[in-house]
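Dear colleague,

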Amino acid sequence: MTRTLWRRANIATFADGAATRTPYGFSEHGALVTEGDRIVWVGADDALPADLRIGAEHDLQGALLTPGLIDAHTHLVYGGDRAAEFEQRLHGATYAEIAKAGGGIASTVRATRAAATEQLTERAVARARVLMAEGVTTLEIKSGYGLSADDERRSLKAAREVGLRLPVSVCTTSLALHALPPEYAGQADAYVDAACDWLRDQHAAGLVDAADAFCESIAFTTDQVARWFTVARSLGLRVKLHAEQLSDSKGAVLAASFNALSCDHLEYLGADGVRAIRESGTVAMLLPGAYYFLRETQLPPIAALREAGVPIAIATDHNPGSSPALSLLLMLNMACTLFRLTPEESWRGVTVNAAKALGLDDRGMLVSGMRADLAVWDAEHPRELAYRFGVNPCRRVVIGGTECVA
Ligand code: DI6
Ligand code: FE
């Protein structure tokens, strides 16, 4: 197999652990060698072993080389949009009022059910392309706007199809416990039972990699989520949770007891929740796009998470209602400006810690043996990408060793 050399790079590896670790794992005059879909060597340009037998060579002339970005929380599959609802909100209606009047998530459920699977797929593919153009090489996609056996299955199929039509890696998540569909009004427990049956079928069909839920007074209780997680666990699926977004519902404590991959949002997370997710090794997934778009004022407990050493990830949470963002680079900036994460913490949030949030241990760092998922940027240092916003300095994207046209 031919080996490919990327040389004269300003390289940010995000490699953990080494005593010699520099911020961002950054060094100038770096080089990296790939073979097939793997990284086989990383080091200083002048330390390249002579016997590596390089087939192809790229001179990066000082450009920045980083791991491909990982967007570990998206709702990319849905019909319609909510621009009219955005406008209503600017005329004074609140998110909760709109939801109560049958708008909000319910309106996207109607549009999703009305859309053909191919249309859902094409729109999700188009959104994924936009993310990829900014260096995203791995993507999580949730269902949760179908809310029936057939429409959830179609949504997960569309999500899987994104990973088949594009080189980006896709992890799928069933979020059937996103909202109560109208046909189950007043029968939330019966809905949870039905959703558990769908999950078994989706799992048998190979459509689902993880299970998620929205734990909130306006959505599902901890008892209902516990039943859903118990079924997920019996199928060998890892779980994650939309927790403490609008109130402290104790979702994180529950999720930690199921060894959750991540707890997401967390604006109202209390000290008990921080302790619980630290002990379970759960990633805190912060979503600055939703915080910004809903004009939230309650900040997630960053200092407590940092002090406890909880790994923090950042994602777009792309969805039509609370975060219509399709830029992970913008989230990098917002994590700094709105949440006061450092640029390095934000970067780790879209690389190493995002990989951890998906349970993937083969990516998120530039280290020998990991997948060759790379991004090349028109920048000298990773902090520049957290600093600028509204520009896309991504020049090249490599996924599994193959360069893609973004
Ligand atoms: N939290 C959110 O912010 C989104 N879902 C969730 O559980 C909102 C989804 C929407 O408004 O369509
Ligand atoms: Fe979400």
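Which helix supplies the largest share of the lining of the largest pocket? That share, 4 residues, comes from H2.

Before going further, please keep in mind that this is a predicted model, in which local features need pLDDT of at least 70 and side-chain atom pairs count only at pLDDT 80 or more, while totals for chains, interfaces and linings use all residues. Residues are numbered from 1 along each chain as its sequence is written, chains are lettered from A and ligands numbered from 1 in the order in which they are written, and side-chain values use heavy atoms, with hydrogens and water left out.

The pockets

Rolling a probe the size of a water molecule over the atoms shows where empty space is left. On a 1 Å grid over the protein atoms alone, a cavity is a set of points where a 1.4 Å probe fits but cannot get out, whereas a pocket is an open set with protein on both sides within 12 Å along at least five of seven lines, and lining residues have an atom within 4 Å of a point. Grid points are joined across faces, edges and corners, and a volume is the space filled by probe spheres set on the points.

The largest pocket has a volume of about 520 Å³, and among its 23 lining residues Ala99, Lys100, Ile105, Ala179 and Ile218 lie nearest its centre. Helix H2 (95-100) and helix H3 (105-114) each give at least two residues to this lining, helices being DSSP runs of H or I with at least four residues, numbered from the N terminus. Sorted by class, the lining has 17 nonpolar, 4 polar and 2 charged residues, where Ala, Val, Leu, Ile, Met, Phe, Trp, Tyr, Cys and Pro count as nonpolar, Asp, Glu, Lys and Arg as charged, and the others, Gly among them, as polar.

The second largest pocket holds about 230 Å³, and its lining divides into 3 nonpolar, 2 polar and 5 charged residues. Among the residues that line it are Asp16, Arg306, Glu345, Arg348 and Lys356, and helices H13 (343-349) and H14 (352-357) each supply at least two of the lining residues.

The ligand and the cavities

The search of the whole structure finds 3 cavities of 30 Å³ or more. The largest cavity has a volume of about 150 Å³, and its space is the one taken by ligand 1, in the sense that more than half of the molecule's atoms lie within 2 Å of the grid points. Of its 15 lining residues, Tyr95, Ile105, His178, Gln245 and Ser322 lie nearest the centre.

Around ligand 1 there are 13 residues, each with a heavy atom within 4 Å of it. Polar contacts are pairs of N or O atoms within 3.5 Å: an oxygen atom of ligand 1 lies 2.6 Å from a side-chain N or O atom of Tyr145, and a nitrogen atom of ligand 1 lies 2.8 Å from a polar side-chain atom of Gln245.

The second largest cavity has a volume of about 40 Å³, and Leu329, Glu384, Leu385, Arg388, Val391 and Pro393 line it.

With best wishes

How values were computed:
A polar contact is a pair of N or O atoms within 3.5 Å; within protein, one must be able to donate a hydrogen and the other to accept it, and residues adjacent in sequence count only if both atoms are side-chain atoms.
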